[in-house]
Amino acid sequence: MRRTESSPLGRLRAAMLGITLSLAAGTASTALAQDNPYGLIDPGTISVGTMGDAKPYVFTTADGNFTGFDIELFLNVTERMGFKKDQVIFTGQEFSALMPSVANERFDVAVAAIGTTDKRKQTVDFSDGYLAGYLSVLTADAKIVDAESLKAKRLGVVQGTLQEINAEKNFAGADLVKFPDNNSAVSGLNNGTVDAHFLDYEAAKDYTARYPDLKITVNIPSFDAPAGFVIRKGNDGLRLALNKALHEAMQDGTWKTLYEKWFPGSPMPDAYLPKK
Ligand code: SNW
């Protein structure tokens with residue numbers, strides 16, 4: 001699905017762009033680059049694919065808005081690029097659809113604690129990293145403490161995540177059960193369909209607060225795959241602008257403030273703190 005122009009300004013822009021293109025086909029690419037330096041689907045807005053149940057990274061509030069560390073960081077970054085809050089449109093999707101949707105130009109960006117890997121870089125580009133942490137096993141079974149004790153246990157993963165790949169590698173004896181999203185996996189955990197769920201550390205921690213029987217019993221470092229903003233391959237205009245604004249947000253302490261707000265009690269990594 002491609003977004004249609006809905007705002008009068010958007011329609012005007014689209015119409016003007018059409019005129020520019022038809023009048024000067026020879027210089028069309030120059031005109032396009034000037035009107036739309038970030039290569040956006042609709043030059044007036046940034047459309048962002050995200051997900052509703054990876055709290056506190058990205059999630060929906062009771063009134064249907066998206067928020068969380070990654071969302072607030074992204075809004076701060078895009079504000080520095082001149083976009084107001086209402087020019088950034090978030091849409092929730094299953095994790096496995098996010099990167100394909102950016103590649104297919106349904107979204108300009110995907111934001112959801114998405115770890116940077118060479119494999120993913122074959123289909124999409126990433127901004128510089130903004131977060132690095134652990135992949136965690138969440139369970140009510142105190143006996144599940146390592147790869148050995150996960151053997152023959154049913155381990156939930158969300159389809160398309162690094163956890164899916166990592167579990168196949170590190171927890172080879174476990175029976176992987178693939179879920180479309182975290183909430184359905186945690187329901188499975190609470191009703192006994194699976195013995196454990198494997199997800200990002202901060203999201204796992206959030207579920208332990210909501211369901212006190214659940215505990216985090218294994219943590220696998222994922223510092224070699226820091227989360228970045230996902231953009232269409234070759235969209236360097238957008239990538240470089242995001243990187244510039246992202247580094248400003250790190251340098252002036254915004255990143256640190258958001259980290260303390262959304263991940264209270266978690267150790268503060270120094271990679272993204274202001275540099276002297
Ligand atoms: O690789 C880590 C990174 O180090 C940080 O801890 C944030 O999460 C990760 O990017 C891994 N995230 C998973 C992934 O990229 C799942 C993302 C999600 O559930 N939204 O596949």
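**Entry 1: the overall make-up.** I began with the secondary structure and found nine helices and 13 strands in the chain. A reminder to myself: this is a predicted model. The chain has 276 residues, and 47% of them count as buried. I also looked up how far apart in sequence the contacting residues are. Taking contacts between residues at least 6 apart in sequence, 69% join residues at least 24 apart.

**Entry 2: the cores.** Next I asked which residues of the largest nonpolar core touch the most other members. They are Phe69, Leu73, Phe74, Tyr130, Phe229 and Trp255, in a core of 65 residues. Helix H8, residues 236-251, gives this core its largest share, with seven residues. There is also a second, separate core of 15 residues, and I noted Leu155, Phe171, Ala196 and Val218 among its members.

**Entry 3: H3 against H8.** I then turned to a helix pair. Two packed helices are described by the angle and the distance between their axes, so I looked up both. Helix H3 covers residues 69-80, and its axis comes within 9 Å of the axis of H8, crossing at roughly 115 degrees. Angles of 65 to 115 degrees count as roughly perpendicular, so H3 and H8 get that label. The crossing of H3 past H8 is right-handed.

Which residues meet here? From H3 I listed Leu73, Phe74, Asn76, Val77, Thr78 and Arg80, and from H8 their partners Leu242, Ala245, Leu246, Glu248 and Ala249. Sorted by class, this contact has seven nonpolar, two polar and two charged residues. Leu73 and Phe74 were already in my notes, as two of the residues that touch the most other members of the largest core.

**Entry 4: Ile231.** I picked this residue from strand E13, which spans residues 230-232. Is Ile231 buried or exposed? Its relative accessibility is 0%, so I put Ile231 down as buried. Leaving out residues up to four places away in sequence, Ile231 touches Val102, Asp108, Val109, Val124, Asp125, Leu238, Arg239 and Leu242. Leu242 is also on my list for the H3 and H8 contact. I checked Phe126 as well: 105 residues separate Phe126 from Ile231 in sequence, yet their C-alpha atoms are 6.0 Å apart.

**Entry 5: Gln163.** Gln163 sits in helix H5, residues 162-170. Its relative accessibility is 4%, and the cut-off for buried is under 20%, so Gln163 counts as buried. Its contacts, not counting residues up to four places away in sequence, are Leu135, Val157, Phe198, Leu199 and Asp200.

Entry 6: I finished with the backbone. Where is the cis peptide bond I noted? It joins Lys55 and Pro56, with omega at about 5 degrees. Pro56 lies in the loop between strand E2 (53-54) and strand E3 (58-60).

I also wrote down two residues with positive phi. Glu105, not a glycine, has phi of about 65 degrees and lies in the loop between helix H4 (95-103) and strand E6 (109-110). Ala113 has phi near 50 degrees, again positive in a residue other than glycine, and its loop runs between E6 and strand E7 (124-126). Their accessibility went into the notes too: Glu105 is partly exposed, at 31% relative accessible area, whereas Ala113 counts as buried, at 15%.

Methods: Residues are numbered from 1 along each chain as its sequence is written. This is a predicted model: local features need pLDDT of at least 70, side-chain atom pairs count only at pLDDT 80 or more; totals for chains, interfaces and linings use all residues. Side-chain values use heavy atoms; hydrogens and water are left out. A nonpolar core is a set of buried Ala, Val, Leu, Ile, Met, Phe, Trp, Tyr and Cys residues joined through side-chain atoms within 4.5 Å. Buried means under 20% relative accessible area, exposed over 50%, partly exposed in between (1.4 Å probe, protein chains only). Helices (H or I, at least four residues) and strands (E, at least two) are DSSP runs, numbered from the N terminus. Axes are lines fitted to C-alpha atoms, for helices over the stretch in contact, and angles run from 0 to 180 degrees between N-to-C directions. Angles under 35 degrees count as roughly parallel, over 145 as roughly antiparallel, 65 to 115 as roughly perpendicular and the rest as oblique. A crossing is left-handed if the near helix is turned anticlockwise from the far one by less than a right angle, and right-handed if clockwise. Contact means heavy atoms within 4.5 Å. Ala, Val, Leu, Ile, Met, Phe, Trp, Tyr, Cys and Pro count as nonpolar, Asp, Glu, Lys and Arg as charged, and the others, Gly among them, as polar.
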